Amino acid sequence: MFKRQTTGSVICTSCGTLVGVNDAVCYSCNRRNPGLWGYAPAFRRLGQDLGFVPLVMGGTIVLYVLSLLVDVAGMRPILAPSSMAIRLLGASGSYPVFVEGRWWTVLTAGWLHGGLLHIVLNMLWIRQLAPAVAELYGPGRMVIVYTLAGVVGFTFTSVAGRYIGFLPLIGGAQLSLGASAPIFGLLGALVYYGNRTGSRHVREAGLQYALMMGIFGLIMPGIDNQAHLGGFVGGYVAGLLLDPLKPERIDHLVGGAACLVVTLVAVVASFVTALPLLLN
Ligand SMILES: [Zn+2]
């Protein structure tokens with residue numbers, strides 16, 4: 001799959017003009033190493049053929065299964081991982097971030113779920129929204145939006161949990177997890193797309209879903225509204241920074257892949273650093 005092209009021409013990762021695969025500099029935009037050592041075509045396939053959407057869903061399911069297997073004895077109904085298991089794999093919130101200093105859990109919490117219903121509902125939302133965002137922004141930027149929204153969402157809830165934790169509904173959480181923060185990010189990116197391009201249809205679809213899920217969160221107990229709010233803000237700002245009116249570049253695919261790699265590193269870091277905390 002990850003084959004290197006050594007001869008011929010490729011598309012510059014920055015500006016999209018044809019360059020020799022071994023050219024040191026793009027003659028059109030002056031980018032250095034425009035062919036990414038010959039890996040540029042492989043990145044293009046990664047986004048288009050293999051698809052980032054199944055990668056996000058597959059990764060989330062794998063981590064959920066891992067969270068069950070890592071502490072089978074502590075599992076609760078219905079297929080809910082123990083609190084030890086979710087802390088091991090990187091649940092976020094004011095406790096892990098401020099008390100334990102494990103700030104990178106803002107990257108990992110969006111990939112973890114508290115039970116079967118939780119993950120099934122979120123997977124349905126991702127299946128609905130991620131292909132739409134990938135269509136409008138490109139698959140690489142979809143993953144960047146997803147990752148940034150998770151980071152902002154779990155930062156919001158951790159900070160709120162630390163400083164305004166006494167407030168009802170918006171007091172953040174000591175321990176938080178779930179893909180709904182990045183899902184709100186996908187909605188934020190859709191709303192930004194609608195604003196930027198004047199597509200009322202996309203804007204209203206995004207706003208309606210966000211409103212519906214937001215109100216659901218305010219009514220249901222135990223929902224982390226700060227993570228939702230932060231996720232929406234993060235996705236909207238990510239959309240603004242990435243500008244959907246410009247075509248997706250291979251740089252974005254590389255950025256999306258980098259987001260996934262950094263997240264994986266954060267999961268490993270969570271596991272390694274939580275082990276001694278939990279054994280004490
Ligand atoms: Zn170029």
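Which residues in helix 6 meet which residues in helix 10?

1. In this predicted model, the helix 6 side of the contact is formed by Pro139, Gly140, Arg141, Val143, Ile144 and Thr147, and these meet His252, Leu253, Gly255, Gly256, Cys259, Leu260 and Thr263 in helix 10. Sorted by class, the residues of this contact are six nonpolar, six polar and one charged.

2. As for the geometry of this pair, helix 6 spans residues 139-163 and helix 10 spans residues 250-279, and the two pack at an angle of about 40° with 7 Å between their axes. The crossing of helix 6 with helix 10 is left-handed.

3. Phe52, which lies in helix 1 (residues 40-69), has contacts with residues of both partners: leaving out residues up to four places away in sequence, Phe52 touches Gly47, Ala134, Pro139, Met142, Val143 and Gly256. The C-alpha atoms of Phe52 and Gly256 are 8.3 Å apart, although 204 residues separate the two along the chain. Phe52 counts as buried because 26 C-beta neighbours fall inside 10 Å, the cut-off for that class being 20 or more.

4. The largest nonpolar core has 63 residues, and those with the most contacts inside it are Ala130, Val133, Met142, Val145, Leu186, Leu187 and Ala189. Helix 6 supplies the largest share of this core, twelve residues. Another core, of nine residues, lies apart from it and includes Val10, Cys12, Ala40 and Ile250. Within the contacts of Ala130, once neighbours within four places in sequence are set aside, one finds Val53, Val56, Met142 and Leu186.

5. The domain assignment divides the chain into domain 1 (1-38) and domain 2 (51-279), and the C-alpha centres of domain 1 and domain 2 are 34 Å apart.

6. Some backbone details deserve a look. The peptide bond from Pro77 to Ile78 is cis, with omega near -15°, and Ile78 is found in the loop between helix 1 and helix 2 (83-89).

7. Leu36, in the loop between strand 2 (18-20) and helix 1, has a positive phi of about 50° although it is not a glycine; Leu169, in the loop between helix 6 and helix 7 (180-197), has a positive phi of about 65° and is likewise not a glycine. Leu36 counts as partly exposed because it has 19 C-beta neighbours inside 10 Å, whereas Leu169 counts as exposed because it has 9.

Technical notes
Residues are numbered from 1 along each chain as its sequence is written. This is a predicted model: local features need pLDDT of at least 70, side-chain atom pairs count only at pLDDT 80 or more; totals for chains, interfaces and linings use all residues. Axes are lines fitted to C-alpha atoms, for helices over the stretch in contact, and angles run from 0 to 180 degrees between N-to-C directions. Helices (H or I, at least four residues) and strands (E, at least two) are DSSP runs, numbered from the N terminus. A crossing is left-handed if the near helix is turned anticlockwise from the far one by less than a right angle, and right-handed if clockwise. Two residues are in contact if their C-beta atoms, placed from the backbone, lie within 7 Å. Ala, Val, Leu, Ile, Met, Phe, Trp, Tyr, Cys and Pro count as nonpolar, Asp, Glu, Lys and Arg as charged, and the others, Gly among them, as polar. A nonpolar core is a set of buried Ala, Val, Leu, Ile, Met, Phe, Trp, Tyr and Cys residues joined through C-beta atoms within 7 Å. A residue is buried if 20 or more other C-beta atoms lie within 10 Å of its own, exposed if 12 or fewer, and partly exposed in between; C-beta atoms are placed from the backbone. Domain bounds come from an automatic or database domain assignment.
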